[in-house]
Amino acid sequence: MAEHEDIVNLAGDLRRTAASGDAEAVSDALDSAVAQLQPHTGAEEKGLFTVLRRNPEFTDHIATLCAEHDRLDELAEQIRGGHVELIDTFVHELREHINKEENGLFPAAAIEMSGDDWDEAEKLTPAP
C-alpha cells in the first residue's frame, strides 16, 4: 500500500534526523510522520476495520491492530515530549505493525470480504 510506504519513508527521515541532534528538525520530522500516520490509521479504523470487526475471526486481530495504532500515537507524544531515545522503538513498532497489515490482514480481507463489504468500507472511510 502506497500510504504505508510513504509513512515508513517519513519514519526513516525521522530516524535520520534524530542522528543530527537538531531538536527542531526532529520535531518537524515527527510532525510530518504523524501528519501522514494519524489520518491513515483513523481511516483504517473507520472503514475497513469496522467492516472486518463484524467477523468473529477478525475481532481479536483488529483489536490488536487498533491497540498498536494507540501505542504508536503514545510513542509519538513521548518523542514530542523529548524522549528521542524512543525513535528507534517507534520506527520498529511501526514497521512491525505495517507488516501485520500488509502480509496478514489485507490478504485475508481480500479473500473474506464481498464486493458489498468493500463498498461499505469505502463509504465509511473518511476522504483524505
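**Helix α5 and its partners**

Modeller: α4 and α5 are roughly antiparallel to each other. Keep in mind that this is a predicted model. Helix α4 covers residues 56-80, and helix α5 covers residues 87-112. Their axes come within 10 Å and cross at roughly 155°. An angle over 145 degrees counts as roughly antiparallel, and therefore α4 and α5 get that label. α4 passes α5 in a left-handed crossing.

Now the residues. On the α4 side, the contact includes Phe58, Ile62, Leu65, Leu72 and Ile79. On the α5 side, Ile87, Phe90, Leu94, Leu105 and Ala108 are among them. Charged residues take part too, including Glu68 and Arg71 of α4 and Glu93 and Lys100 of α5. By class, the contact of α4 with α5 has 13 nonpolar, 5 polar and 6 charged residues.

Next, helix α2. Helix α2 spans residues 23-46. The axes of α2 and α5 come within 13 Å and cross at roughly 25°. That angle is under 35 degrees, so α2 is roughly parallel to α5. This crossing is left-handed. From α2 come Val26, Leu37, His40 and Glu44. From α5 come Ile87, Phe90, Leu94, His97, Glu101 and Phe106. The contact of α2 with α5 divides into 6 nonpolar, 2 polar and 2 charged residues.

Val26 leads on to helix α1. Thr17 lies in α1, residues 2-20. Beyond its neighbours within four places in sequence, Thr17 is in contact with Ala25, Val26 and Ala29. A polar atom of the Thr17 side chain also lies 2.7 Å from the backbone oxygen of Asp13.

Definitions and conventions: Residues are numbered from 1 along each chain as its sequence is written. This is a predicted model: local features need pLDDT of at least 70, side-chain atom pairs count only at pLDDT 80 or more; totals for chains, interfaces and linings use all residues. Side-chain values use heavy atoms; hydrogens and water are left out. Helices (H or I, at least four residues) and strands (E, at least two) are DSSP runs, numbered from the N terminus. A polar contact is a pair of N or O atoms within 3.5 Å; within protein, one must be able to donate a hydrogen and the other to accept it, and residues adjacent in sequence count only if both atoms are side-chain atoms. Contact means heavy atoms within 4.5 Å. Axes are lines fitted to C-alpha atoms, for helices over the stretch in contact, and angles run from 0 to 180 degrees between N-to-C directions. Angles under 35 degrees count as roughly parallel, over 145 as roughly antiparallel, 65 to 115 as roughly perpendicular and the rest as oblique. A crossing is left-handed if the near helix is turned anticlockwise from the far one by less than a right angle, and right-handed if clockwise.
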